[in-house]
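Let's take a walk through this one together. Have the viewer open and follow along.

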Number of protein chains: 2
Amino acid sequence: MDYMLGVDIGTTSTKAVLYDMKGKVIAYANAGYKLYQDVPDMAEEDPDDILDAVVSVMGQTIQKSKANPTEIKGVSFSCAMHSLILMDHDDQPLTRAITWADNRAAKYSEKLKNNGMGAEIYAKTGTPIHPMAPLSKILWLRNEKPELFKQAKKFIDLKTYIFFRLFGTYKMDYSMASATGMFNIFNLDWEPQALDLLKITRDQLPDLVEPTDKITGIDSRFGNLLGISADTPFIFGASDGVLSNLGVNAIDPGVVAVTIGTSGAVRVVVDKPVVDPDGKLFCYALTKDKWVVGGPVNNGGIVFRWVKDQLFAPERITAEQMQVSTYDILTQIAEKIPAGSDGLLFHPYLGGERAPIWNAYARGSYFGLTRKHTRAHMVRAALEGIVYNLYVVMLTIEKITGKPKSIQATGGFARSSLWRQLLADIFEQPVTIPESFESSCLGAAVLGMYALGYVDDLSAVKDMIGVTHVHQPNEKNFEVYRELLPIWIRLSEILEPEYKEIAEFQKRHSN
Amino acid sequence: MDYMLGVDIGTTSTKAVLYDMKGKVIAYANAGYKLYQDVPDMAEEDPDDILDAVVSVMGQTIQKSKANPTEIKGVSFSCAMHSLILMDHDDQPLTRAITWADNRAAKYSEKLKNNGMGAEIYAKTGTPIHPMAPLSKILWLRNEKPELFKQAKKFIDLKTYIFFRLFGTYKMDYSMASATGMFNIFNLDWEPQALDLLKITRDQLPDLVEPTDKITGIDSRFGNLLGISADTPFIFGASDGVLSNLGVNAIDPGVVAVTIGTSGAVRVVVDKPVVDPDGKLFCYALTKDKWVVGGPVNNGGIVFRWVKDQLFAPERITAEQMQVSTYDILTQIAEKIPAGSDGLLFHPYLGGERAPIWNAYARGSYFGLTRKHTRAHMVRAALEGIVYNLYVVMLTIEKITGKPKSIQATGGFARSSLWRQLLADIFEQPVTIPESFESSCLGAAVLGMYALGYVDDLSAVKDMIGVTHVHQPNEKNFEVYRELLPIWIRLSEILEPEYKEIAEFQKRHSN
């Protein structure tokens, strides 16, 4: 048999899945690592922890599969975006991997936004100006850790680090590069205006490769450990976000991928790079001629968790209810409340927000409370608010890509029929839940199959995934949402200027 | 001994208290009656139910006191404001008593506000343009119940009705008249512009008397029933709001009466009638040379009740906690949260609001939510929001009367030390809780004593009441509130234009 190994390097764990060339899962492994948060706003990981995890999950998967290593025709990679590692002149890391969740560059991204240069750079790079991006992080390091900045031979990301350790060469694919804020998405090269701003040179950045490019000659220590030969091609692959679109078969025009896990995202594939006049959408490469436009949101399932922990104390649960999870109970409670929560609106910005408002100061709010509203209304309103927010991201995308035709939905929330139906009703679109396991791993594997000629086209993915649920929009419900959405959106606009002052109060008085 | 009987005709019950001339309570009785709410927004009472209650509580009080009826030197009245009864040509009621809480005239008060005539009339009458006022109610009846309107010989209020039944004459004191919206507070007469608007004549209204005026010659049926002679003087008295100021000794300049029961109010006594340029304050007569300026709020303890019922389910209470009331538990919970609720703000408008915003569409909101906020924060924020709202009423009053010096606080909330301290901290004023029982009854009795020469001055009240608690503002807390109040006020302003649309959605979709 011929197999393809897909590896996804995530923020909390690395996953590896071995597939046959029809996309059937043969074996799977997963390994987590520590997130370092020594000071406020820090979110770092040890790159060697991740190297260990990558090698370990590859090895475990191969072992579990009992495949002959010669049957493994390729290994292809997915990776979390926006990480930054500084390498010294001995090719040793000067820093941990500073992840997308690290917020310490906030002051610098805000300055870029305010002085207008942010908008200029965004218009070339397609990466929203935000502390998540390596552009902001390098600016922060140059200003606040100049000694580190000066020692840096290379500014790389996690996937580049892994490939460097495996193959001894600094290479970054267009897809990962397109999420750095330093890569010109129109001419597929590092952007001089960004490099000038950061006072770095292009030789301090990795060489650029295509996501479908491959490399052979794995360091023998690792090759022996894994039992694979130096001939085995490693495909550079792409970022986890764009590969997830591929892995859920949301690569055709008008097919929207909506993900709600802890956070969430809305993404659509287009055939040319595009940017948003307001700088609120990203445009990241999947391949040279498939680009993913979308917006990431901070406030997904994490908001539901707050509702569970804060609005519902544990003692709320009766013995009978102990059989099912708290989340299921809350969903049952929310289901009894009519669509629109009797006019209670919730803005889910409990921890600032990226898309659609890109405001780190944003805070949550309930609006429209009457004595008739119960805690059950507050639960449903929270669920609806999370989806309204994703829908507003969709409205921004629509202006560039046109009206969507259907939605492929994934993430933890897709397990709940209430959430799936909410998505269909609020988006007014049919919602399909693909039967997809580790969609970024599958995306990486399919990209690898395409790179090696095992499939002719990325759309081969559609025969590899099944469908678990399909939801049609309910007319009665979406008419209610059509009445409420304009109010919700207008409230977002009028509340936005008020977030900064309350957020600063909270920061001043926190202990 | 000499005694004075104070009677307070309230919305839910009538109270009578017999006092000696030092203000000592000798006996007390109380009788409730039904509120009719046959259709939405209706709030009516049967005037003969109330007549029965008045006679009953007077009789019971006299009996309980074992006083010789000749020792009762006078009876003086307090009454809820804004009620309207139409009397036919046989002096029989054509309607029930339509109370202040009846909201069916909303369309007409809104029209008056919008066409500018409301502002003109308010500037002469000192009664905010609102469905509560008889001005709006008569306009509504003329338009929507023309057959009733045409049959009306007299348009009177509840106290006039009681006096009519007891003495056979239609008399209304300046104090009650000043809450009708038809009484010119500057020349102490019915206002022609109001009468023209309503197309009624002054002979359709009661004769005007001073609050200190008295009448004798009680109908012998009632005199016999009560065992009092026809010589016993009945003092017309005033409205419950202004008499409550008197009864809590808040009649000196700079002394503010703050009441929070189910609803609430902030009131200050001044020596001349004054109106607010924005029409948001009332100015009601206590006597000819004592006027009460203030604002009534809908959302007081009723909001706390919502928090208890909706945010905290009964099963939340442990066996140990069963010893104390839910309200006490919630107060204990709120006490553990720092002043300012870690930057969580609440606007308490669960059922529309009168002062300070006079917006029937107003709705409640939480703003500033983060994942750190717990239900306990939501409780404290609700309590704080209720008091912020009262404070904003105070700010409006201050513009007319100058800065307050101290607060006399009453109402159910005054039983909680947390609430009392909140009031001191948010108002930045010392707060005194008078030891006062049925302050409107006491106010009526003191007014009666003054009218009959038993005391030289209304300030005699200060020796009649004690003090139960005094709270000083806590500097650390009021500095926090000084930071939050401007944000809370600005939010009120930006949210206000948004209330109507959500309220209309809620009305459209309610069943």
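Into which domains is chain A divided? There's domain 1, covering 3-248, and domain 2, which is put together from 298-405 + 485-508. Keep in mind that this is a predicted model. Taken over C-alpha atoms, the centres of domain 1 and domain 2 of chain A are separated by 32 Å. The two do touch: six residues of domain 1 of chain A are in contact with four residues of domain 2 of chain A.

Now on to a helix. H16 of chain A runs over residues 475-495, so 21 residues in total, if you go by the DSSP runs. From first C-alpha to last, H16(A) reaches 30 Å, close to the 30 Å expected at 1.5 Å a residue. Its N-terminal end is capped by A:Asn474, with a side-chain oxygen 2.9 Å from the backbone nitrogen of A:Lys476. Further along, look for a kink of about 30° at A:Leu484, shortly before the proline A:Pro486. A:Leu484 is also one of the buried residues of H16(A), a list that includes A:Phe478, A:Tyr481, A:Trp488 and A:Leu495.

Finally, zoom out to both chains.

Methods:
Residues numbered from 1 in each chain as written. Chains lettered and ligands numbered in written order. Predicted model: local features only at pLDDT ≥ 70, side-chain atom pairs only at ≥ 80, totals over all residues. Heavy atoms only, no water. Helix = DSSP H or I, 4+ residues; strand = E, 2+ residues; numbered from the N terminus. Expected span 1.5 Å × (residues − 1). Bend = angle between axes of the 7 residues up to and from the residue. Buried < 20%, exposed > 50% of the residue type's maximum accessible area, 1.4 Å probe, protein only. Polar contact = N/O pair within 3.5 Å; in protein donor to acceptor, adjacent residues only side chain to side chain. Domains from an automatic or database assignment. Contact = heavy atoms within 4.5 Å.
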